[in-house]
Amino acid sequence: MAGPNRLGELLVREKLISLQQLRRAQDEQKRSGNNLGYTLAKLGYISDGEITNFLSTQYRLPAINLDEYEIEPDVVKLVARDVCEKHRIVPVSRSGSSLIVAMSDPTNLHAIDDIKFLTGYNVEPVVASETAIQSAIDRYYNVGPSYDEVMADFALGEEDIEFGADDDDVNVMELEKASEDAPVVRLVNVLLLNAIRKGASDIHVEPYEKKLRVRYRVDGVLHEEMTPPVKLKSALVSRLKIMSQLDIAERRLPQDGRIKLKLGKGREMDFRVSILPTMWGEKVVLRLLDKSNLQLDMTKLGFDLEPLSHFKWAINQPWGMVLVTGPTGSGKTTTLYSALTELNKPVHNVSTAEDPVEYNLFGINQVQMHDDIGLNFAAALRAFLRQDPDIIMVGEIRDFETAEIAVKAALTGHLVLSTLHTNDAPATISRLLNMGVEPFLITASVNLVLAQRLARRICSDCKKDAEIDLEALRDIGLTEEQLANPQIKKGAGCQTCGGSGYKGRVALYEVMRFTDDLKERVLQGASAAELKAAAIKNGMMTLRMSGIKKVLDGVTTPEEILRVTMAD
């Protein structure tokens, strides 16, 4: 289809964008795979509405705002999704023997003929942007049934639900049978597919005395998604257990498993499943692991130039230790995997000890921990040292034994990458000292400590200027110089971000290079606060400073920075 190229040429010809902007958008389009109209709007060269109005004027056809238009289900059924995606069209309504169709390129006669042949209707084109058409396709051609459709299959009213039954009386055979009922299977499928569609990182299935609640964690924040009847809790949990090959008869002990879904087009999604017995039944948490969405390019993670250069320097040293620190879910694993991807060369022998192995990386020897048979981080590290390693990654330093072997490995010519749970980079040194590692061993082995958090990004589709509250900006730490002309943005809330104003996340980094000055202070017994003050004096950006920079760059909001960082 000539549409996108023709659109670019027309916009340049009418001087709505420059040739240079078109070239930049086409380069970005090749990288991202998005359509040209969306890319031009995302780069801020022209809005989606301006593109639609321009096309309407150009082709002398009416424009349509698909976001404000409700398409009837019987109209949607007239044209298959693959035809819509192939021609970038969407059927809008019927009028007698005519079918009104929204198109981004009304000159595409091949598309018009195709739809005429498939539907038997005359085609009347109206104009919409490619972005709006794709959004409408995603909205009206959802894969699988909706939650409401599935629940209708149960034909359950509130009067059918009974409370107070003892779960221990449930027969295992009955559980297995109930879990294989078509409506239960469909409900679980909807639950998993909706989570993938919404970009959730975790699914929580939580039983209470009179309620069963399902929540999704999207961009780090939990949202209630659905409340299936409490009568279904045993069947729902049993279905998830069967899918993750766990024991459905065992309902008193925690269990861990894995589900692998094949979604077509070669895409696979892994779910890490954790079952926990609670007072009112078993709670299930599923962690979604989507390798296709794993961002391993360091420049796109959120690093500023100077901290990134320090981090790259540290991971390219022939030996020593690089520590990444932060709470659970702060992106430590992604940062380590991005470092390993950069170091994964034929000349290096790379071994990792992980609990669990989240993503499989070709060329790296990944070992899954099994504490029950004695394979813990310390045991794996000892084994690695007999495997002629160049680079070792330890999932987490939890105790003195692991810390001691990791330090010795770093001192004997190996590069060691690992994580700890501390609040900031300077506190990591205090944590190692508290574990029992000698100060002189820390100063001799540690190259760099990196602390990180994840903040939600402002949705690029509804980003707008925010009202400026100078007092609130002072509270998060902006200087008077930065307050002179702050360009603060926020998300208005749209279909893309589900009304939240946020879509995706960006990492905030605090990178502390272990300089001679800091090493000297550790040997003299300096506190974490003194180390932090010295590191800032040496040019370290704290997590809060990194967050403020992202606010001023229009990437995130002051509220997000307050949520994920502590005041310096």
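# Exercises on a predicted chain

In strand E9, valine 284 is the bridge partner of isoleucine 275. The exercises below start from the whole chain and come back to this pairing.

This is a predicted model, in which local features need pLDDT of at least 70, side-chain atom pairs count only at pLDDT 80 or more, and totals for chains, interfaces and linings use all residues. Residues are numbered from 1 along each chain as its sequence is written, and side-chain values use heavy atoms, with hydrogens and water left out.

## Exercise 1. The whole chain

Task: find how many helices and strands the chain has, and what share of its residues count as buried.

Solution. 

- Step 1. Take the elements. Helices (H or I, at least four residues) and strands (E, at least two) are DSSP runs, numbered from the N terminus.
- Step 2. Read the totals. There are 24 helices and 18 strands.
- Step 3. Turn to burial. Buried means under 20% relative accessible area, exposed over 50%, and partly exposed in between (1.4 Å probe, protein chains only). Of 568 residues, 48% count as buried.
- Step 4. Look at the contacts, meaning heavy atoms within 4.5 Å. Among those between residues at least 6 apart in sequence, 64% join residues at least 24 apart.

## Exercise 2. Strands that pair

Solution. 

- Step 1. Apply the rule. Two strands pair if DSSP finds at least two bridges between them.
- Step 2. Start at E4 (residues 200–207). Eight of its eight residues are buried.
- Step 3. Go to E5 (residues 212–218). Four residues lie between them in a hairpin. Histidine 204 has arginine 215 of E5 as its bridge partner.
- Step 4. Now take E8 (residues 268–278). Leucine 261 stands opposite methionine 269.
- Step 5. Close with E8 and E9. A hairpin joins them through two residues. The opening pair, isoleucine 275 and valine 284, belongs here.

## Exercise 3. An aromatic cluster

Task: decide which class of ring pair phenylalanine 303 forms with phenylalanine 311 and with tyrosine 509.

Solution. 

- Step 1. State the rule. Rings of Phe, Tyr and Trp (its six-membered ring) pair if their centres lie within 6.5 Å; planes under 30 degrees apart count as stacked, over 60 as edge-to-face and the rest as tilted.
- Step 2. Count. The rule gives three aromatic pairs.
- Step 3. Phenylalanine 303 is in the loop between strand E9 (281–289) and helix H13 (305–315), while tyrosine 509 is in strand E18 (residues 502–513), 206 residues apart.
- Step 4. Check burial. Phenylalanine 303 has a relative accessible area of 9% and is buried. Phenylalanine 311 is buried at 1%. Tyrosine 509 is buried too.
- Step 5. Join up. Ring pairs link Phe303, Phe311 and Tyr509 into a cluster.

## Exercise 4. Charges over rings

Task: find which rings have the charged ends of arginine 456 and arginine 513 over them.

Solution. 

- Step 1. State the rule. A charge sits over a ring if NZ of Lys or CZ of Arg is within 6 Å of the ring centre and within 35 degrees of the ring normal.
- Step 2. Take arginine 456. Its charged end sits over the ring of tyrosine 502, 4.1 Å from the centre.
- Step 3. Take arginine 513. Its charged end sits over the ring of tryptophan 313, 3.7 Å from the centre.

## Exercise 5. The nonpolar core

Task: identify the residues with the most contacts inside the largest nonpolar core.

Solution. 

- Step 1. Define the core. It is a set of buried Ala, Val, Leu, Ile, Met, Phe, Trp, Tyr and Cys residues joined through side-chain atoms within 4.5 Å.
- Step 2. The largest core has 53 residues, and Met321 and Met512 have the most contacts inside it.
- Step 3. Find the largest share. Helix H16 (residues 400–411) supplies it, with six residues.
- Step 4. List partners of methionine 321. Leaving aside neighbours within four places in sequence, its contacts include Ile397, Ala406, Val407 and Leu448.
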